[in-house]
Amino acid sequence: MNLHFTGDFHAITTAHNLLSALIDNHIYWGNELGIDIRRVVWRRVMDMNDRALREIICSLGGVANGFPREAGFDITVASEVMAILCLATDLKDLEKRLGDIIVAYRRDKSPVYARDLKADGAMAVLLKDALQPNLVQTLENNPAFVHGGPFANIAHGCNSVVATTTALKLADYVVTEAGFGADLGAEKFFDIKCRKAGLKPAAAVIVATVRAMKMNGGVKK
């Protein structure tokens with residue numbers, strides 16, 4: 001494995017930013033949907049934590065570049081597209097979930113969806129290969145799926161439903177990581193991923209350090 005892996009993160013970044021470009025392009029060409037440019041909630045993403053790009057002004061440079069507005073960059077793993085990819089069960093479900101994304105609001109506070117911009121199909125095409133789990137091998141020669149990675153503090157923090165359900169069809173038992181923190185990733189694993197995917201875990205392994213137990217048990221470190 002390397003940091004770029006199979007290109008999944010690149011596909012998510014591209015699909016996300018395609019939607020960003022379509023929003024600004026729609027506004028530029030007359031804004032038929034009546035998007036209030038003060039209420040565009042869809043930010044851009046990049047696979048790097050660049051503090052200088054967290055809050056920006058985009059579309060500067062005169063008439064040819066559109067209408068200036070506030071925007072910003074999040075990191076790719078914080079993208080809603082990442083969370084959607086990991087909860088989707090197949091390509092059709094992926095496209096539906098992408099279409100449900102709220103990208104902005106009108107002046108009357110009504111939402112504008114990605115499907116209103118006809119972005120869902122194009123985004124799904126960019127993600128069709130990324131939807132397939134990546135098979136790797138552990139140092140002990142066990143097969144393992146590494147697929148997706150949404151942040152647990154803003155999403156569900158688990159690997160993909162496709163990877164987990166595929167593994168369950170191929171092995172007698174499957175071990176999966178449920179995000180970080182029993183009160184964060186694990187809770188979202190049980191309450192979101194398991195409920196959405198119909199998973200019923202048979203056992204849970206809790207990893208706890210002595211320091212952690214002291215801190216949560218009121219004992220001096």
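In which hand does α1 pass α4 in their crossing? The crossing is right-handed. A crossing is called right-handed if the near helix is turned clockwise from the far one by less than a right angle, and left-handed if anticlockwise. The model is a predicted one, in which local features need pLDDT of at least 70, side-chain atom pairs count only at pLDDT 80 or more, and totals for chains, interfaces and linings use all residues. Residues are numbered from 1 along each chain as its sequence is written, and side-chain values use heavy atoms, with hydrogens and water left out.

Helices (H or I, at least four residues) and strands (E, at least two) are DSSP runs, numbered from the N terminus. Packing of helix pairs comes first. Two packed helices are described by the angle between their axes and the distance between the axes. Axes are lines fitted to C-alpha atoms, for helices over the stretch in contact, and angles run from 0 to 180 degrees between N-to-C directions.

Helix α1 packs against helix α4 (residues 120-127) at an angle of about 165 degrees, and the axes lie 9 Å apart. This makes α1 roughly antiparallel to α4. Angles over 145 degrees count as roughly antiparallel, under 35 as roughly parallel, 65 to 115 as roughly perpendicular and the rest as oblique. From α1, the residues A11, I12, T14, A15, L18 and L19 meet A122, M123, L126 and L127 of α4. Contact means heavy atoms within 4.5 Å. By class, this contact of α1 with α4 has nine nonpolar residues, one polar and no charged. Ala, Val, Leu, Ile, Met, Phe, Trp, Tyr, Cys and Pro count as nonpolar; Asp, Glu, Lys and Arg count as charged; the others, Gly among them, are polar.

A15 sits in helix α1. With 0% relative accessibility, A15 counts as buried. Buried means under 20% relative accessible area, exposed over 50%, and partly exposed in between (1.4 Å probe, protein chains only). A15 touches M123, L126 and L127, residues up to four places away in sequence not being counted. A15 and V125 are 110 residues apart in sequence, yet 8.8 Å apart in space, C-alpha to C-alpha.

Helix α1 (residues 8-28) also packs with helix α2 (residues 80-87), at about 120 degrees and with axes 9 Å apart. That angle makes α1 oblique to α2. The crossing of α1 and α2 is right-handed. Here F9, I12 and H16 of α1 meet V81, M82 and L85 of α2. The contact of α1 with α2 comprises five nonpolar residues, one polar and no charged.

Three strands form an open sheet in the order β1-β6-β7, with antiparallel pairing. Its edge strands, β1 (35-40) and β7 (111-113), each pair on one side only. Neighbouring strands of the sheet are turned by 50 degrees against each other on average, direction ignored. Helix α1 packs on this sheet and touches β1 and β6; the direction of α1 makes about 135 degrees with that of β1. Strands count as paired if DSSP finds at least two bridges between them. Two bridges link β1 and β6, and V40 stands opposite A104 in β6. Three bridges join β6 (residues 102-106) to β7. A104 stands opposite V112 in β7, and Y105 stands opposite P111. A hairpin is formed by β6 and β7, with four residues between them. In its turn, K109 has a positive phi of about 75 degrees.

Helix α5 (residues 161-170) has V161, V162, A163, T164 and A167 buried. Their cover includes α2, β9 (143-146) and α6 (181-197).
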